[in-house]
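Colleague: Could you take me through the charged pairs in this one, and then the helix packing?

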Amino acid sequence: MVSFEDFRQEDGVPIYLQIVRHLKAAVAAGTVADGEEMPSRRVLSARLGVNPNTVQKAYRQLEEEGLITSRAGAKSYVSAPPERAEALRRELPAWSAAAFVARMRALGLSLPETTALIERLWKEAEP
């Protein structure tokens with residue numbers, strides 16, 4: 001079953017979008033496989049402490065994007081064949097980087113300042 005144990009809410013981002021991103025990131029990282037069972041909407045709602053409608057909205061978007069399959073009254077499963085997982089591995093870093101760049105520009109940082117920040121943080125995170 002797909003785990004949401006490491007899910008952390010972010011300020012300023014709708015929770016349903018965070019749930020969608022969490023699953024996409026897990027698929028891209030290979031920690032969630034094609035065919036893996038999703039938690040029920042009620043269970044995930046209780047686990048995350050959010051309204052069941054929020055989880056329903058996330059699942060609906062995931063279904064529309066073809067990342068999960070669901071049937072009324074039945075369980076939901078991840079639908080991420082290898083080519084879909086690979087596409088997510090390419091898309092997500094670019095999306096995250098674009099969001100980061102936009103935040104740094106909004107803070108008034110220049111490219112050299114942003115690059116220096118990334119280099120410092122990269123080195124600090126080394127094992």
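Modeller: Glu86, Arg89 and Arg90 are linked in a network of salt bridges, a salt bridge being a side-chain nitrogen of Lys or Arg within 4 Å of a carboxyl oxygen of Asp or Glu. This is a predicted model, where local features need pLDDT of at least 70, side-chain atom pairs count only at pLDDT 80 or more, and totals for chains, interfaces and linings use all residues. Residues are numbered from 1 along each chain as its sequence is written, and side-chain values use heavy atoms, with hydrogens and water left out.

Colleague: How many salt bridges does the structure hold?

Modeller: The structure holds eight, and one of them joins Glu124 to Arg120, with the closest N and O atoms 3.0 Å apart.

Colleague: Is Glu124 buried or exposed?

Modeller: Glu124 is exposed, at 54% relative accessible area, whereas Arg120 is partly exposed at 43%; buried means under 20%, exposed over 50% and partly exposed in between, with a 1.4 Å probe and protein chains only.

Colleague: Switching to packing, at what angle do H1 and H3 pack?

Modeller: Helix H1 (residues 15-29) and helix H3 (residues 52-64) pack at about 45°, their axes 8 Å apart, the axes being lines fitted to C-alpha atoms over the stretch in contact and the angles running from 0 to 180 degrees between N-to-C directions. Helices here are DSSP runs (H or I, at least four residues), numbered from the N terminus.

Colleague: Which residues in H1 meet H3?

Modeller: Among them are Ile15, Leu17 and Leu23 in H1, which face a set in H3 including Val55 and Leu62, where contact means heavy atoms within 4.5 Å.

Key. Helix = DSSP H or I, 4+ residues; strand = E, 2+ residues; numbered from the N terminus.
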